[in-house]
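Dear colleague,

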Amino acid sequence: GLPRQVMGFLAGYAFGFVQGTILACLGTLLGCVPVFFYARFLGRDYVARRHGRHLARFNDLLARSPLSMTLIIRLIPVGNNLLTNLLGGVSVVPATWFLLGTLLGHLPQNVVFALLGSGIHVAPVWRTTLSVLLFLASSLLGYLLYRRHRLEKVLPEDNGENGSDGA
């Protein structure tokens, strides 16, 4: 239940930038795994019975491109990781892709906050500025991936068959 940003900051503060980043990544992944598999093995049937229509929409969203969709979800700086892990567990997405997407999607923020935490005593202005810039870059990357996904979803539906002949 500890936010990944806090864990990244504290890991950077306690262990330095490189080790803090690695430990924060491992911590976020290890926090995701039991929740994901709990939902996968114990919650899937229940959710399918109670919320089958919503689950089908979520499955459609993830199934097309599980790695990139998990990356998009994880790169967005706001959200509820517990809920995301539970939804991933009840979905049809393969565990490998979801967990890899989680690790890669959390990496930018773990880098940012470990860098910020490690800079409390050493060059705080430089590290804080770099952390803010990296945070903005990772947020922008998440937005761009989301936008590309939305365009891929919309463009194939049109196919130029909207009644115009291009003239």
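Angles between axes under 35 degrees count as roughly parallel, over 145 as roughly antiparallel, 65 to 115 as roughly perpendicular and the rest as oblique. Axes are lines fitted to C-alpha atoms, for helices over the stretch in contact, and angles run from 0 to 180 degrees between N-to-C directions. Helices are DSSP runs (H or I, at least four residues), numbered from the N terminus.

This is a predicted model, in which local features need pLDDT of at least 70 and side-chain atom pairs count only at pLDDT 80 or more, while totals for chains, interfaces and linings use all residues. Residues are numbered from 1 along each chain as its sequence is written, and side-chain values use heavy atoms, without hydrogens and water.

The axes of α1 (residues 4–15) and α5 (residues 95–118) cross at roughly 45° and come within 6 Å; the two helices are therefore oblique to each other. In contact here (heavy atoms within 4.5 Å) are residues of α1 including Phe9 and Tyr13, and residues of α5 including His106 and Phe113.

Helix α4 (residues 81–90) contains Thr84, and Asn85 is also placed in α4. Neighbours within four places in sequence aside, Thr84 touches Ile73, Arg74 and Phe98, whereas the contacts of Asn85 are Gly31, Cys32, Val35, Phe36, Arg74 and Phe98.
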